[in-house]
Amino acid sequence: MALPARPTPPPVLAAIDVGTNAVRLELARPDAEGSLETLHQERDPIRPGEGVFTTGEMPPETADRLLSTLRRYAALCRRHKAQVRAVATSALREARNRQDIVRRVHEEAGLELEVVSGKEEARLICLGVLHRKPANTRSLLVDIGGGSTEVAIATGEKPDELWSLALGSVRLTEVFDTARAVTPKQLRLMRSFVEEVLHKTLPEKLPALPRVALGSSGTIGAVVGFAAAENGGNATMRQLTQTVETLAKMPPERRRKRFDPRRADIIVSGAVILEGVVRHLGVESVSVVNRGLRDGLLVDLLYRQDESREDHSLADAAIVMGQRFRFDEKHARQVSRLSLALFDSLAALHQLPLSVRPHLEVAALLHDIGTSVSYERHHRHTYYLIHNADLPGLADHEREIIARVARYHRRSQPELSHSGMAGLTPSEARRVRKLATLLRLANALDHSHHQPIRDFKVTDGREAVTLHLHARQPLDLELWNAEREVVQFRKVFGKRLAFQVHSTGR
């Protein structure tokens with residue numbers, strides 16, 4: 001009698017966080033309930049951001065330490081056959097030599113290191129801290145890193161607002177030279193600087209906020225632990241102000257005895273930032289949570305395993321971006337709807353993974369935003385705007401694919417020989433060609449910008465694909481433009497494309 005086959009264990013997930021103070025690795029495996037069980041953790045306090053905020057570059061010796069650490073992490077990930085997401089935050093964001101370091105990490109460690117935007121960092125921290133929060137719970141999250149501070153307002157685990165501020169404990173310490181003694185003048189200048197950045201970055205009027213902010217970083221944990229040492233709970237505004245004064249007056253030797261030596265050098269800056277943020281937000285106190293960016297990376301990987309999970313946050317962010325550039329929202333939503341319907345109906349033909357469906361949706365929503373610069377070459381301007389956009393939830397290479405798909409919604413076809421396809425791998429080029437072909441067809445089917453097509457059905461035959469269009473009004477302009485995409489459709493998908501129109505009235 002044959003024994004029943006053992007179920008395949010869930011994959012090991014790996015999160016690598018190249019921060020300003022340290023580099024961290026966490027390996028975890030999802031259990032049957034969808035929770036994450038930690039298998040292994042490492043933290044190396046190599047201070048990758050040391051000197052970056054004053055010189056603008058990561059020194060060679062620091063880069064070498066980083067590469068040595070990441071080679072070891074990569075070996076651990078390979079041993080566990082883990083699915084990896086590795087990100088770098090503010091220090092590498094601001095380093096002029098970041099491209100060289102990312103290239104070395106790829107060549108020497110075999111890792112794809114993403115230099116994430118501030119908003120993406122905030123989104124991931126939010127996801128890690130608020131994972132499985134009840135859907136109607138309102139939260140305010142603050143995370144103070146070495147180079148930046150992230151603030152998020154969320155409902156459940158979904159962020160409503162994200163901000164990234166150029167305030168960090170290492171950055172402030174280097175700029176104001178406060179690793180040792182802190183004079184009253186230095187303290188006044190730091191507080192003034194923090195207040196100025198807060199007023200420039202955060203809006204004057206914020207929605208009603210929870211009374212208690214959640215603080216998720218090691219710096220906040222150390223400051224709040226010191227401030228609320230007597231009651232072991234939350235730190236109030238008054239306690240934080242007293243903590244700043246006490247730490248600033250404390251001799252460096254005493255700070256090093258009270259805190260980890262590497263933390264002691266930057267603790268005053270961290271306390272000043274936390275005091276300023278809490279005062280600006282007007283909350284009563286701060287409570288410490290022991291989760292953060294690494295947890296968010298793991299949850300993000302976990303969600304990417306579940307292809308049935310619907311997440312509209314990326315489309316919502318694209319619509320907000322489109323509104324900023326005053327796009328034709330009705331047209332954009334119609335082209336997005338038609339594109340996704342084509343993608344779903346022709347799944348057996350295009351054979352693309354479901355994970356790229358959101359990329360087509362964003363490209364469709366934003367395909368015309370370049371008209372805010374110039375109509376004549378708006379497809380090229382669209383590429384530039386998406387390429388440089390801060391869209392939380394996208395890795396750099398994903399944003400690049402979306403930008404290229406949107407760029408090819410008109411004019412030149414996405415042929416492999418075209419200059420706009422340069423730099424893509426063969427797999428990426430095939431993906432861009434297929435998605436762009438679907439987008440071009442969807443765009444043609446709303447060429448008038450009047451949404452004449454109510455819906456359609458697809459017949460995918462052996463030699464031809466037929467679109468049965470149900471129209472509210474005549475489709476002369478749409479059909480004329482759609483017919484121009486027939487040749488390209490056959491080139492990419494190997495089948496003829498035909499149209500049948502069924503009038504449904506208004």
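## Salt bridges, sheets and a buried alanine

The side chains of Asp 344 and Arg 357 meet in a salt bridge, with N to O at 2.8 Å. The term covers a side-chain nitrogen of Lys or Arg within 4 Å of a carboxyl oxygen of Asp or Glu. This pair links distant parts of the chain: Asp 344 sits in helix H15 and Arg 357 in helix H17 (residues 357-366), 13 residues apart. Helices here are DSSP runs of H or I with at least four residues, strands are runs of E with at least two, and both are numbered from the N terminus. Asp 344 is partly exposed at 41% relative accessibility. Arg 357 is also partly exposed, at 27%. Buried means under 20% relative accessible area, exposed means over 50%, and partly exposed lies in between (1.4 Å probe, protein chains only).

The model is predicted: local features need pLDDT of at least 70, side-chain atom pairs count only at pLDDT 80 or more, and totals for chains, interfaces and linings use all residues. Residues are numbered from 1 along each chain as its sequence is written, and side-chain values use heavy atoms, with hydrogens and water left out.

How is the chain divided? The domain assignment gives domain 1 (13-116), domain 2 (119-296) and domain 3 (310-450). Such bounds come from an automatic or database domain assignment. Between the C-alpha centres of domain 1 and domain 3 the distance is 30 Å.

Start with the five-stranded sheet. This open sheet has the order E3-E2-E1-E4-E5, with mixed pairing. Two strands pair if DSSP finds at least two bridges between them. Strand E3 (36-44) and strand E5 (113-115) are the edge strands, and each pairs on one side only. Neighbouring strands of the sheet are turned by 20 degrees against each other on average, direction ignored. Axes are lines fitted to C-alpha atoms, for helices over the stretch in contact, and angles run from 0 to 180 degrees between N-to-C directions. Inside the sheet, strand E1 (residues 13-18) pairs with E4 in the parallel sense, over six bridges. Ile 16 has Ala 86 in E4 as its bridge partner.

Arg 85 and Glu 120 join their side chains in a salt bridge (3.1 Å, N to O). Arg 85 lies in strand E4 (residues 83-88) and Glu 120 in helix H5 (residues 118-130), so the pair ties together parts that are 35 residues apart in sequence. Are these two residues buried or exposed? Both Arg 85 and Glu 120 are buried.

A contrasting pair lies within one helix. Arg 103 forms a salt bridge with Glu 107, and their closest N and O atoms are 3.1 Å apart. These two residues are four apart in helix H4 (residues 98-109), so about one helical turn separates them. Arg 103 is partly exposed, with a relative accessible area of 40%. Glu 107 counts as exposed at 54%. Across the whole structure, a search finds 34 salt bridges.

Now turn to strand E7 (residues 149-155), where Ala 152 is found. Ala 152 is buried, with a relative accessible area of 3%. What does Ala 152 touch, leaving aside its neighbours within four places in sequence? Its contacts are Cys 126, Ser 139, Leu 140, Leu 141, Glu 161 and Leu 162. Contact means heavy atoms within 4.5 Å.

Cys 126 is itself buried, at 0% relative accessibility. Cys 77 is buried too, at 3%. How many disulfides does the structure hold? A search of the whole structure finds zero, taking a disulfide as a pair of cysteine sulfur atoms within 2.5 Å.

The last stop is a sheet of three strands. This open sheet runs E12-E13-E14, with mixed pairing. Strand E12 (453-460) and strand E14 (496-503) stand at the edges with a single partner strand each, so one side of each has no neighbour in the sheet. Neighbouring strands are turned by 20 degrees against each other on average, direction ignored. E12 and strand E13 (residues 464-471) run antiparallel, joined by seven bridges. Thr 459 has Thr 466 in E13 as its bridge partner. Helix H15 (residues 329-345) packs on this sheet and touches E12 and E13. The direction of H15 makes about 20 degrees with that of E12. H15 is also the helix that holds Asp 344.
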